[in-house]
Amino acid sequence: MAEINSDINRAKEILDSDQLIGLPTETVYGLAGNGLKAEVVSKIFEVKNRPHFDPLILHSHSLEAISEYVKEIPETAKILAKAFWPGPLTILLKRNNKIPDLTCSGLDRVAFRIPKHPKALSLLKILDYPLAAPSANPFGYISPTNSQHVQQQLGNKIPFILEGEISEVGIESTIVGFENEETVIYRLGGLEVDEIEKLIGKVKTLPHSSSKPDAPGMLKSHYAPRKNIVLGNIEQLIDQNPTLKLGILSFCKHYKEAEMSLTLSESKDMHEAAKNLFSHLRKLDESNVDLIIAEKVPSEGLGKAINDRLQRAAVKE
Ligand code: TXA
Ligand code: MG
C-alpha cells in the first residue's frame, strides 16, 4: 500500500527520484510525476493503463514558469489565466521542445493548469519541473476525490499519496484552446462556460467524439462505474425494474424504494452536486445493488458538466 502523508518535502523527495505520487487538487486527485521526463511519463500511462493517444495535463505554479515551455501565450489565454488561475481551468498552448512528445501524445499543443489546492500549489513551488497528472484512476473509471479513493485503486502501484483532504470542486477542469481566432472548449468541467463567456464573449463548445478525439476526456464512455448505470426518469426506471435491488443517484430527492438512495444536493446547489458526483457514484458501485439509476440535473451552470459526466458514465462500449 502507498504511504499517505501530508508532508510536501517527502513528496518532493519521491518525485525527484522519478517516482509517482497521488496529488490532491481542488478538482480531482491526480497521478503525478515529472512531466519533463519521458520515462516518468511512461510510468503514468502504465499505472493508469491509459492509451498513449490520450495526452496528459501539466501542472505548474505560475504563468511565468509555464512560459518556459511554450512558444507563445495568446492575449486571450493571458486574460483567462489572470482571471481563473489558480483554478479548475486547463489551457492548451503551443509547446516548445522542452516537453517530451509522450506527455502530449505527439500533439503540437500542451495542456497546462495551475491548481488552486494549497498543498498542490506549495508542492509545485518547490519543484523545478511541472507535474504531469491525469486523474488518479484506472483509465475509464470514476475519478478520485480523496486520498482513500487513490489508495484503493492505485495504492499497490505507487509509493506515496500526498494527503490533502477532499477535492472541493469534485469534477475535472474545463479545457480551453484556441483555433484561429476562436476560443474552443474541449471539455466541460469545474469552471462554468458562462464565467468564461462573461469575460471574453461567446466561445465554441466541441461536441463529443468517440474515436480519435482531440481531447480524450471527451471519449463517449468514460468516468464509468463497473456496475450498469442507466440514466433517465427515476420513477419510470423504478417501475421498469421491480425485481432488482436499485441504487439511486438523484439530484435532490430521496427514494424509499431503493436499496441505496443518494442525492447530489438536497438544496439544489450545483457546486455541492459536483463535489458529490464521483464519490456518490463510487459508493453505489461498491454497494450490493444490482443496477444504478440516475437522472440528469438541470442544465445550468456546472449542471452541464455534471450531465456530461453522467452521460458518459452511463454509456457502455
Ligand atoms: O482537473 C483536471 O484536469 C485533473 C487534475 C488532476 O488536474 N486532471 C485530469 O486529467 O482530468 P486527465 O488526464 O484525466 O484528463 C486530461 C484531458 C484528456 O482528456 C486529454 O485529452 C486532454 O486533457 N488533453 C491533454 N493534453 C491535451 C492536448 N495537448 N490537446 C488536447 N487535449 C489534451
Ligand atoms: Mg481522467
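**Domain arrangement and sheet architecture**

The centres of domain 1 and domain 2, taken over C-alpha atoms, are separated by 29 Å. The model is predicted: local features need pLDDT of at least 70, side-chain atom pairs count only at pLDDT 80 or more, and totals for chains, interfaces and linings use all residues. Residues are numbered from 1 along each chain as its sequence is written, and side-chain values use heavy atoms, with hydrogens and water left out. Domain 1 comprises 3-72 + 92-169 and domain 2 comprises 229-313, the bounds coming from an automatic or database domain assignment.

At the interface, 13 residues of domain 1 are in contact with nine residues of domain 2 (contact: heavy atoms within 4.5 Å). The two domains bury about 940 Å² between them, 52% of it on carbon and sulfur atoms; buried area is the accessible area (1.4 Å probe) that two parts lose on being put together, summed over both. Y141, I142 and V169 supply 43% of the area that domain 1 buries against domain 2, more than any other three residues. One salt bridge is found across this interface (a side-chain nitrogen of Lys or Arg within 4 Å of a carboxyl oxygen of Asp or Glu). K275 forms a salt bridge with E168, with the closest N and O atoms 3.2 Å apart.

Four strands form an open, parallel sheet in the order β12-β15-β13-β14. Strands are DSSP runs (E, at least two residues), as are helices (H or I, at least four), numbered from the N terminus; two strands pair if DSSP finds at least two bridges between them. β12 (229-231) and β14 (260-263) stand at the edges with a single partner strand each, so one side of each lacks a neighbour in the sheet. The twist averages 20° from one strand to the next, axes being lines fitted to C-alpha atoms (for helices over the stretch in contact) and angles running from 0 to 180 degrees between N-to-C directions. Helix α9 (residues 270-286) packs on this sheet, touching β12, β13, β14 and β15, and its direction makes about 175° with that of β14. Helix α10 (residues 303-314) also packs on the sheet, touching β12, β13 and β15, at about 130° to the direction of β12.

A second open sheet has 11 strands in the order β1-β8-β2-β3-β7-β4-β6-β5-β9-β10-β11, with mixed pairing. Its edges are β1 (3-5) and β11 (204-205), each with a single partner strand, so one side of each is left without a neighbour. Within this sheet, β9 (residues 174-179) and β10 (residues 182-187) pair in the antiparallel sense over five bridges.

Definitions and conventions
Chains are lettered from A and ligands numbered from 1 in the order in which they are written.
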